[in-house]
Amino acid sequence: QVQLVESGGGLVQAGGSLRLSCAASGRTFVRKAMGWFRQAPGKDREFVAAINWSADITYYADSVKGRFTISRDNAKNTVYVQMNSLKLEDTAVYYCAAGRLSYLGSYYNQWGEYAYWGQGTQVTVSS
């Protein structure tokens, strides 16, 4: 069964940090690019970050560039996003997603490019 499970969300003060993890079942993760998206109440799901299979290419949304870092441990079938200097506007449900291929194509920031999704983890940033 294909499964992605996010963890690490919670309540944090503005300026604080969180690290989200996404554990994947083997076939979901092997030789697949991975991404993180988020969805705030009343808003569309938006791209946060993506990483290719070999972890030598990463992309970030402009809104998180310089504050978030995506990484992966292929031996552990896990992808991470380290979130620093959190802002109120980072409050959202964060989802990890597995791509269809090992590389990131031109549409890496489009949710339709990802085949599998986790259930999401809530991140709430307070003032």
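Is cysteine 96 to be counted as buried or exposed? At 0% relative accessibility, cysteine 96 counts as buried, where buried means under 20% relative accessible area, exposed over 50%, and partly exposed in between, with a 1.4 Å probe and protein chains only.

Before I continue, a word on the basis of these values. The model is predicted, so that local features need pLDDT of at least 70 and side-chain atom pairs count only at pLDDT 80 or more, while totals for chains, interfaces and linings use all residues. Residues are numbered from 1 along each chain as its sequence is written, and side-chain values use heavy atoms, with hydrogens and water left out.

Let me turn to the overall architecture. The chain contains one helix and 11 strands; helices (H or I, at least four residues) and strands (E, at least two) are DSSP runs, numbered from the N terminus. Read from the N terminus, the order of elements is β-β-β-α-β-β-β-β-β-β-β-β.

As to dimensions, the C-alpha atoms occupy a box of roughly 40 × 25 × 25 Å along the principal axes. Of the 127 residues, 43% count as buried. Among contacts (heavy atoms within 4.5 Å) between residues at least 6 apart in sequence, 60% join residues at least 24 apart.

I return now to the cysteine. Which residue is joined to cysteine 96 by a disulfide? The partner is cysteine 22, with an S to S distance of 1.9 Å; a disulfide here is a pair of cysteine sulfur atoms within 2.5 Å. The structure holds one such disulfide. The pair links distant parts of the chain, 74 residues apart: cysteine 22 belongs to strand E3 (residues 18–24) and cysteine 96 to strand E9 (residues 92–99). Cysteine 22, also at 0% relative accessibility, counts as buried.

Finally, two backbone details in loops. Arginine 31 has a positive phi of about 55° although it is not a glycine, and its place is the loop between helix H1 (26–29) and strand E4 (34–39). Serine 85, likewise not a glycine, has a positive phi of about 50°. Where does serine 85 lie? Serine 85 is found in the loop between strand E8 (78–83) and E9. With 40% relative accessibility, serine 85 counts as partly exposed.
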